[in-house]
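This report takes the chain as a whole and then turns to selected strands, a nonpolar core and single residues. Please keep the sequence and the structure in view while reading.

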Amino acid sequence: MPKYADVIVPLSLNDFYTYSIPDDMQLDCVVGKRVLVQFGKKKFYTAIVRKIHDIKPEYETKDIFSVLDEKPILNEIHLKFWEWISEYYMAAIGEIYAAALPISLRIETQTQIFLAKSIIDDELNENETIIVNNLKNQKTLSISSITKLLNVKNPIKIINKLIEKGIIDVYEHFKSEFKPKYQKNIKLADTIKTEIDLQKAFEKVSRASKQTDILLAYCSLSGLRFDEIREIFVYKEVTKKELLQKATAESHIINALYKKNILVEYEKRVSRLEKIDDNAISFNKLSEDQKSAFDNIKNSFNQFDVTLLYGVTSSGKTEIYIHLIREYINKGKQVLYLLPEIALTSQIIVRLRVAFGSIVGIYHSKFNDAERAEIWNKINPNSDDINKYQIVLGVRSAMFLPFDNLGLIIIDEEHETTFKQFDPSPRYNARDGAIILAKYFNAKVLLGTATPSIDTFYNVLNKKFGLVELKVRHKNIELPEIIVADIRTARNENKMKSLFHPILLEYMNKALNSKEQIILFQNRRGFAPYIECKTCGWIPVCRNCDVSLTYHTDTNSLVCHYCGYKTVVVSKCEHCGSLELETKGFGTQKVEDEIKIFFPSAQIARLDLDVSKRKHGYEEVISAFSSGEVDILVGTQMVTKGLDFKNVSVVGILNADNLLNFPDFRSYERAFQLMTQVSGRAGRMHRQGSVIIQTYQPNHKVIKYILDNDFNSLFSNELTERQTYNYPPFCKLLKITLKHKKVNIVNDISEYFGAMLRKYFKDRVLGPQAPIISRIQNYHIKEILVKIEPEMSLQKAKRTIISIADLLKQKNNFSNVIISFNVDPV
């Protein structure tokens with residue numbers, strides 16, 4: 001009987017696609033395996049089998065080209081989870097596949113260009129000549145290599161002209177990204193079986209000193225000895241690289257030993273991942289308060305699947321996590337430990353590996369594709385990797401790994417907005433997604449934070465989540481002293497020293513004299529947010545986006561933080577020609593420069609996105625600060641998140657007002673979280689620390705909540721306001737974003753969309769309106785916000801919105817408008 005497979009392809013497509021299963025593949029083709037399928041006329045993709053059936057579709061099906069796996073790489077739970085993400089976040093199932101599976105595990109065809117003529121007498125322009133000359137030397141070129149060669153964004157028009165002239169042609173070739181890594185090792189030849197054989201080998205090379213050096217180096221590195229009981233040589237593996245380094249010799253010399261049948265070279269498959277020492281496994285004893293919280297969590301898990309651990313900063317939540325992980329590992333379960341940022345993993349992984357050794361893996365986007373594929377295989381129960389990970393520390397994407405026996409998910413810093421994926425689709429929230437994943441496995445979820453999100457605490461209030469509190473810092477160290485520095489009064493009295501209140505400078509001076517460290521928090525990178533003409537008020541703006549350019553001193557350039565556009569710093573006003581230009585506002589670069597004036601002997605480092613873009617940039621700064629090489633750390637919100645520095649006694653928040661005044665219904669919640677978290681970096685080990693908050697609004701209610709460490713009042717006031725104006729957690733939000741390069745088209749479709757939505761959702765539709773940045777990368781943007789109350793069917797509401805979008809896209813002038821959906825935007 002003919003069999004068919006419904007498959008998922010890694011493209012932005014909503015549907016499954018049906019293929020015929022050839023007779024010789026019917027036993028091998030099962031759900032969860034990868035198969036190679038032809039999609040379109042020429043392209044081949046790695047698809048995932050979702051369903052096997054015998055229902056012939058109405059259209060003519062293509063055969064599956066090949067089955068790529070001996071055993072499934074995904075089970076039914078993973079595929080159901082993909083489908084939940086797809087349905088809830090209004091994303092194509094193919095987008096979930098593309099986000100979940102490492103690129104290295106996908107085989108695709110790649111378009112290759114080759115010369116179709118041997119003699120070319122056509123007239124060619126400069127770019128065409130470059131392509132043709134390179135094809136004469138390299139035979140074939142990919143489209144991506146031509147893009148780099150010509151330094152253009154899109155070379156398709158140039159390629160098409162050459163095809164039309166008959167000069168070049170194209171073909172598709174299979175491209176498989178993942179290749180195992182092999183290491184060249186050296187060992188004794190099989191002919192050397194006894195000590196006498198080894199002595200004869202040395203005699204053979206006695207007149208060649210370099211060959212003798214290599215043989216001696218091999219004996220030393222391998223620890224070569226003869227086991228007289230078993231009558232064999234015993235040795236450790238030696239790599240070719242280390243042998244040549246030890247003997248300070250060239251490759252051709254070792255080749256002579258191959259020819260003399262003394263040494264042989266062989267290849268061994270090795271891991272790209274860091275080798276972990278299992279010898280240092282140890283656990284710290286929990287304090288009485290930590291032990292009480294630990295026991296309460298276990299009790300809470302008897303009643304709730306999800307429990308919130310609400311513990312003040314530096315209360316030792318990580319230590320509780322480690323003891324909880326040990327219990328689940330001892331039951332044979334797997335544990336997923338999610339963090340909001342890659343930056344946090346470097347400190348936490350050290351602590352986990354001290355406790356659990358090599359069964360801990362780490363997974364995030366800083367690994368290359370091949371490394372991510374190896375980590376995937378270390379979790380996949382059907383892979384041939386015998387050294388499996390039982391614990392995975394990772395960020396958002398780690399929840400897509402192929403767990404088969406998940407028992408516990410820990411979501412640390414659960415309040416962080418970076419758990420939410422923004423672009424590209426799927427725009428999922430890993431915190432909420434992980435709770436659903438845990439349900440599929442009957443696993444438990446522990447949310448940890450010192451500053452709970454309003455949504456999470458509301459779920460606690462409604463008995464959906466359990467609650468365990470940890471109200472004291474480890475070793476009973478006091479929470480930091482918080483001092484509010486009034487910038488307005490200081491400026492009026494001419495007491496401000498550049499960007500710094502005299503109180504902050506006084507505390508910094510005391511800390512440095514005591515050999516203690518300081519963190520300065522400014523939530524804006526660059527030197528200055530913008531440059532302004534003093535004469536006419538002209539401001540340099542991005543040519544692609546409606547946003548001012550940020551001045552960066554290290555590159556002496558003006559940069560757009562939205563599209564990456566960069567230009568040289570202007571010396572005169574482009575509007576009136578005036579030479580009087582000045583910087584406005586300040587970012588982390590300016591703070592770094594200014595603080596050097598006041599403390600010239602202090603070692604200062606900066607931690608922001610510009611620094612962390614460099615490979616190992618983040619780790620280098622954190623390592624230098626942790627080891628005491630750096631006295632003052634200037635940073636953006638990267639310095640607020642869960643980092644543990646033992647010698648920080650002073651934290652300065654340089655501008656609290658830009659957090660308090662941000663136009664968003666969650667701004668007070670976010671301001672409280674950020675300032676409380678960064679304050680928590682102070683005084684974590686030896687004594688009470690100090691936090692200085694610089695603000696123009698010293699009597700602001702959020703500042704008072706922070707002074708009193710009063711989350712409950714913040715929660716109560718925020719809940720009242722959100723209920724009054726119908727915002728989460730009292731409704732669901734769904735944001736619709738429309739983009740087009742022509743402003744009139746995006747305006748027209750957004751008005752139509754808004755009007756059609758109001759027929760169904762009435763006054764629960766807000767907009768359309770332009771966001772704060774209304775043009776990015778030359779795309780004009782409009783947004784519509786839809787509120788969906790609990791009594792309304794969320795699924796039905798989504799279907800209605802999608803049907804309206806599909807209907808509008810059928811109009812000719814709207815067909816190229818980009819429409820995206822963001823469920824539960826943050």
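## Burial and overall dimensions

In this predicted model, 51% of the 826 residues of the protein chain count as buried. Among the contacts with a separation of 6 or more, 75% are accounted for by residues 24 or more positions apart.

The protein chain has 26 helices and 36 strands. Its radius of gyration is 31 Å, close to the 28 Å that the globule rule gives for 826 residues, so the protein chain is as compact as a globular protein of that length. Taken along the principal axes, the box filled by the C-alpha atoms is roughly 90 × 70 × 70 Å.

Strand β14, which spans residues 306–311, is mostly covered, with 6 of its 6 residues buried. In a regular strand the side chains alternate between the two faces of the sheet. In β14, Val-306, Leu-308 and Tyr-310 point one way, whereas Thr-307, Leu-309 and Gly-311 point the other way, and all of them are buried.

Which strands are joined to β14 by bridges? One is β19 (residues 444–449), which runs parallel to β14 and is joined to it by 5 bridges; within this pairing, Thr-307 has Leu-446 of β19 as its bridge partner. Strand β20 (residues 466–470) is also parallel to β14 and is likewise joined to it by 5 bridges, with Glu-469 of β20 as the bridge partner of Tyr-310.

## An open antiparallel sheet

Three strands in the order β24-β25-β26 form an open sheet with antiparallel pairing. Its edge strands, β24 (550–552) and β26 (566–568), each pair on one side only. On average, and with direction ignored, neighbouring strands of this sheet are turned by 35° against each other.

Between β25 (residues 557–559) and β26 there are 3 bridges, and the two strands run antiparallel. Here Ser-557 has Val-568 in β26 as its bridge partner.

## The largest nonpolar core and Ile-801

The largest nonpolar core has 153 residues, of which Trp-82, Ile-736 and Phe-753 touch the most other members. When residues up to four places away in sequence are not counted, the residues touched by Ile-736 include Phe-753, Leu-757, Val-786, Ile-801 and Phe-821, and also Lys-782 and Glu-783.

Ile-801 lies in helix α26 (residues 794–809). Is Ile-801 buried or exposed? Its relative accessibility is 0%, and Ile-801 therefore counts as buried, a class that requires a value under 20%. Beyond residues up to four places away in sequence, Ile-801 touches Met-90, Leu-734, Ile-736, Phe-753, Leu-757, Phe-761, Val-786 and Phe-821. From Ile-801 to Ser-548 the distance is 34 Å, C-alpha to C-alpha, and the two are 253 residues apart in sequence.

## A buried glutamate

Glu-592 has its place in helix α18, which covers residues 588–598. Why does Glu-592 count as buried? The relative accessible area of Glu-592 is 13%, and because the buried class takes in values under 20%, Glu-592 belongs to it. With its neighbours within four places in sequence left aside, Glu-592 is in contact with Ile-604, Ala-605, Arg-606 and Val-634.

Definitions and conventions. Residues numbered from 1 in each chain as written. Predicted model: local features only at pLDDT ≥ 70, side-chain atom pairs only at ≥ 80, totals over all residues. Heavy atoms only, no water. Pairing = 2+ DSSP bridges. Helix = DSSP H or I, 4+ residues; strand = E, 2+ residues; numbered from the N terminus. Axes fitted to C-alpha atoms, helices over the stretch in contact; angles between N-to-C directions. Core = buried A, V, L, I, M, F, W, Y, C linked by side-chain atoms within 4.5 Å. Buried < 20%, exposed > 50% of the residue type's maximum accessible area, 1.4 Å probe, protein only. Contact = heavy atoms within 4.5 Å. Rg over C-alpha atoms; globule rule 2.2 N^0.38 Å.
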